[in-house]
Amino acid sequence: MSRPRAAIVVTGSELVRGERTDRNGPFYAREALSLGLVPDRILIVGDDPRDLEAALTAGSEADVCLVSGGLGPTHDDRTVELVAQVAGVPLRVDERLEREIESISRSIAERLGRPYADFAAGVTKQATVPEGAEVIGVAGTAPGLVLQGEGCVFVVLPGPPGELRRLWPAAVASEALGSVLGRGRPPGRHVLRFFGASESTVAKALADAGGDGDGVEATICARDFEIHVDLVVEPGADERGERLAAALREPLEPYLFAEDERSVAEIVLGLCRERGYRLATAESCTGGLVAARLSDIPGASVVLAGGVVAYANDVKTAELGVPEELIAAHGAVSAEVAAAMASGVRARLGVDVGIAVTGVAGPGGGTPEKPVGLVHLHVDAPEGSVGRSFSLPADRATIRSRATVSALHLARRVLTRSRHEGT
């Protein structure tokens, strides 16, 4: 039996114009896949009702249509109205929902010092839902809805990613969506993450291993200077999936750093946490991006003590103890200064691990000896003091991003004491 299909419709003119990046479509797709649905398509449309109606009509051809956005109180929020139209059902005011949204709106009006009358029409609009729709909750003042259409279940959630994710578990628990999920079986999955190997190297290893097919779908994605391989394994193809994953591990083992969804920042923090270490960063060209990646992870404060953004040479000297004569002899962008920055921040903040980055991010400032894109990294830890360098002719943002990721991977290598130069 084939797995049920899911179509995804994301609304918002700001997404079409490129002012914001869609986060809901990928979230829906990942969740759908994990629940046994086949993500069929992601349609991103603006606020023009004709475009949205066309997208919803196309989405209704799938078993499930996952929709986000357009649930606000203003006239241009047309999603609910158009879902009802495509599903062929009338609209009605849900009085219980209206009371709930009214209570929330009155609190907002009081907080803003505005009369409730300014909100009343919007309250009624947001409480108007398709006949037969299940209201699964409210985020802000926007309701989440699940509607059983003819051959398709519509899941309609708010556009703000935090609100959508908050209501998603209730959608999954709904009777209408649950009936579709009961017809599918989540596929198996192997996740392999590589750093230091080229995409073509990984592609060749996959081809040498026999490639995908026979119930296994392989995707290779270059992401954040890493190569991510996902093997989606259909029911009954488990043995084939295991063989393919093993055949990729063996030739690429020097570059394999994870077989799960953890980022390198999570891995570094985990390694430090296991050892009872604290960590600090000393950054020049990355301007705090390494510390930002680490602090993005919940619970990072157990490990991350802080960082020093030492852009100017006098800050390197005053705050990190880098000798002036060292900078004079080798230059601020040098392996020697990177090593001094790492040991300096370790001593300055009293931590176990120091990560340092210095480089020429451009677009100016390069010389024939030290071109734009030259970066020196260093990690100083109880396991050892190790430096690396790379030169990447690229734009400023790319150089800084590559330096950030490379610094974290160097820390991972030092903390695991890998013998492989490739990782």
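The model is predicted, so local features need pLDDT of at least 70 and side-chain atom pairs pLDDT 80 or more, while totals for chains, interfaces and linings use all residues. Residues are numbered from 1 along each chain as its sequence is written, and side-chain values use heavy atoms, without hydrogens and water.

The structure holds 2 aromatic pairs (rings of Phe, Tyr and Trp, the last by its six-membered ring, with centres within 6.5 Å; planes under 30 degrees apart are stacked, over 60 edge-to-face, the rest tilted). Phe 27 and Trp 168 pair edge-to-face, at 6.3 Å centre to centre and 80 degrees between the planes. Phe 27 lies in helix H2 (residues 24-34) and Trp 168 in helix H7, so this pair ties together parts 141 residues apart in sequence. Helices are DSSP runs (H or I, at least four residues), numbered from the N terminus.

Tyr 28 and Trp 168 are also edge-to-face, with 5.6 Å between centres and 65 degrees between planes. Tyr 28 belongs to helix H2, so its pair with Trp 168 of helix H7 links parts 140 residues apart in sequence. Phe 27, Tyr 28 and Trp 168 form one aromatic cluster. Relative accessible area is 9% for Phe 27, which is buried (under 20%; exposed is over 50%, partly exposed in between; 1.4 Å probe, protein chains only). Trp 168 is buried at 5%, and Tyr 28 is buried at 0%.

Helix H7 (residues 161-173) also carries Arg 165. Arg 165 is partly exposed, at 33% relative accessibility. Arg 23, Arg 30, Arg 165 and Arg 223 form a positive surface patch (residues with over 30% relative accessible area and no salt bridge, like charges joined within 9 Å; a salt bridge is a side-chain nitrogen of Lys or Arg within 4 Å of a carboxyl oxygen of Asp or Glu).

Definitions and conventions. Patch = residues over 30% accessible without salt bridge, like charges linked within 9 Å, V, L, I, M, F, W, Y side chains within 5 Å. Areas by Shrake-Rupley, 256 points an atom, 1.4 Å probe, with all protein chains shown as cover. Lys, Arg positive; Asp, Glu negative; His and termini not counted. Charge placed at Lys NZ, Arg CZ, Asp CG, Glu CD. Helix = DSSP H or I, 4+ residues; strand = E, 2+ residues; numbered from the N terminus.
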